[in-house]
Amino acid sequence: HAEIRVLGIETSCDETAAAVVSWVPGCGPLIRSNIVLSQIGEHAAFGGVVPEIAARAHVEALDGVIGAALAEAETTLGEVDAIAATAGPGLIGGLLVGLMTAKALAAAGGKPLVAVNHLEGHALSARLLERLGFPYLMLLVSGGHTQIVLVKGPGDYERWASTIDDALGEAFDKTAKLLGLPYPGGPNVERVAAGGDASRFDLPRPLKGEARLDFSFSGLKTAVRQAATAIAPLGEGDVADIAASFQRAIVETLDDRVGRSLQRFRERFPDAAQPALVVAGGVAANAAIREALENLCRRNGFTFLAPPPELCTDNAAMIAWAAIERLRAGIDPAEDPMLTAPRSR
Ligand code: KG4
Ligand code: ZN
């Protein structure tokens with residue numbers, strides 16, 4: 001078995017990304033390059049990602065980003081073994097740009113094209129850096145997704161929980177908007193929350209204590225709006241107090257909801273030697289949330305793994321790596337990744 005080297009492409013949302021990752025027998029994975037070009041500046045004025053603008057920006061940027069990924073990896077298209085691209089879920093315009101580019105490169109170079117489910121990319125990314133065996137639990141918390149997935153192997157997943165309304169990142173972004181904080185909201189809510197009184201507002205902890213594993217955040221968002229309207233106009237201290245109260249409600253909700261999945265994992269795999277929870281997605285950058293999850297895992301005897309931000313948020317290294325995992329597992333590159341990976345929501 002020789003080295004497997006893959007060029008990965010990710011264009012499902014507002015980052016144009018390309019990366020070269022290889023797997024070397026006896027050595028493991030190696031990230032040769034990981035280039036991410038964020039479009040945040042192009043969408044900020046609109047307070048969110050505009051699909052049409054995103055697709056056009058991918059068209060303009062992708063060739064250059066791929067060139068940069070190959071150059072930084074000191075490799076050429078001729079030297080890669082396969083081309084991988086995100087096939088979904090995501091914004092259709094951007095997905096088509098990435099997938100059609102990958103298809104053209106694969107056809108021109110006579111290489112296999114590996115279509116990758118974005119969620120499978122997130123699910124397997126922790127194995128890029130850590131020795132982590134199957135099965136394990138993954139909590140994905142981003143602007144578009146909030147779910148807990150049992151990861152049994154490449155192409156082998158069970159979705160245990162998802163949000164029944166808003167994604168967690170969306171709840172952060174909407175709260176930020178309401179408080180007059182700039183886009184993207186999550187980091188700004190965290191920043192102002194640090195100076196606020198988290199006990200001032202009594203906000204709900206949606207679904208807390210319920211046996212089902214799902215999440216819900218729209219009720220919390222509504223409660224934040226009501227709290228804000230009741231004391232408008234908001235002073236700087238009010239904004240900080242609402243942000244802090246909101247963040248505490250999130251932390252306590254996650255503790256309850258994720259804790260239930262950890263218990264379920266214990267029941268399902270009583271003999272698991274080292275159960276683990278991996279967190280992925282942009283919201284995982286939040287220090288209060290990380291700390292809460294770390295504590296939760298410690299109390300339950302789980303290993304807690306939070307890949308660094310450049311692998312946690314959207315990137316192409318995770319797409320190239322998921323392709324390598326699929327190839328090594330003997331999955332036919334032509335197989336539809338949307339059938340075997342966790343479904344979107
Ligand atoms: O994974 P990501 O970069 O993109 C996708 O949504 O796929 O996640 C972006 C989301 C946004 O909703 C953003 O507000 C949120 O992650 N986020 C945060 C923090 N940093 C980013 N939420 C809370 N606290 C943060 N520090
Ligand atoms: Zn993502």
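Leu7 stands opposite Ile83 in strand S4. The model in which this pair is found is a predicted one. Strand S1, residues 4-10, and strand S4, residues 82-88, pair in the parallel sense, with four bridges between them. In general, the strands of a sheet pair through backbone hydrogen bonds, in either a parallel or an antiparallel manner.

Both strands belong to an open sheet of five strands, whose order is S3-S2-S1-S4-S5 and whose pairing is mixed. Strand S3 (28-38) and strand S5 (113-117) form the edges, each pairing on one side only. From one strand to the next, the twist averages 20 degrees.

## Helices packed on the sheet

Helix H2 (residues 51-72) packs on the sheet and touches S1, S2 (15-24) and S3. The direction of H2 makes about 30 degrees with that of S2. Helix H3 (residues 92-109) also packs on the sheet, where S1, S4 and S5 are touched. The direction of H3 makes about 160 degrees with that of S4.

## A hairpin

Strand S7 (residues 146-153) and strand S8 (residues 156-162) pair in the antiparallel sense over six bridges. Within this pairing, Gln147 has Ser162 of S8 as its bridge partner. Two residues lie between the strands of the hairpin, and Gly155 takes a positive phi near 70 degrees there.

## Annotated positions

An unreviewed UniProt entry places the feature "binding site" at several positions, including Ser142, Glu190 and Asn286. Ser142 is found in the loop between strand S6 (136-141) and S7. Is Ser142 buried or exposed? Ser142 is buried, because 24 other C-beta atoms lie within 10 Å. Beyond its neighbours within four places in sequence, Ser142 is in contact with Ala167, Gly169, Gly281, Gly282 and Val283.

Glu190 lies in helix H6 (residues 185-193). Glu190 is buried, since it has 20 other C-beta atoms within 10 Å, and 20 or more is the condition for being buried. When residues up to four places away in sequence are not counted, Glu190 touches Gln247 and Asn286.

## Leu262 in helix H8

Leu262 is part of helix H8 (residues 236-268). With 18 C-beta neighbours inside 10 Å, Leu262 counts as partly exposed. Which residues does Leu262 contact, leaving aside its neighbours within four places in sequence? They are Leu277, Asn300 and Phe302. The C-alpha atom of Leu262 is separated by 32 Å from that of Gly26, and these two residues are 236 residues apart along the chain.

Methods:
Residues are numbered from 1 along each chain as its sequence is written. Chains are lettered from A and ligands numbered from 1 in the order in which they are written. This is a predicted model: local features need pLDDT of at least 70, side-chain atom pairs count only at pLDDT 80 or more; totals for chains, interfaces and linings use all residues. Two strands pair if DSSP finds at least two bridges between them. Axes are lines fitted to C-alpha atoms, for helices over the stretch in contact, and angles run from 0 to 180 degrees between N-to-C directions. Two residues are in contact if their C-beta atoms, placed from the backbone, lie within 7 Å. A residue is buried if 20 or more other C-beta atoms lie within 10 Å of its own, exposed if 12 or fewer, and partly exposed in between; C-beta atoms are placed from the backbone. UniProt positions are given in the numbering used here, feature names are shortened, and annotations may be inferred rather than shown by experiment.
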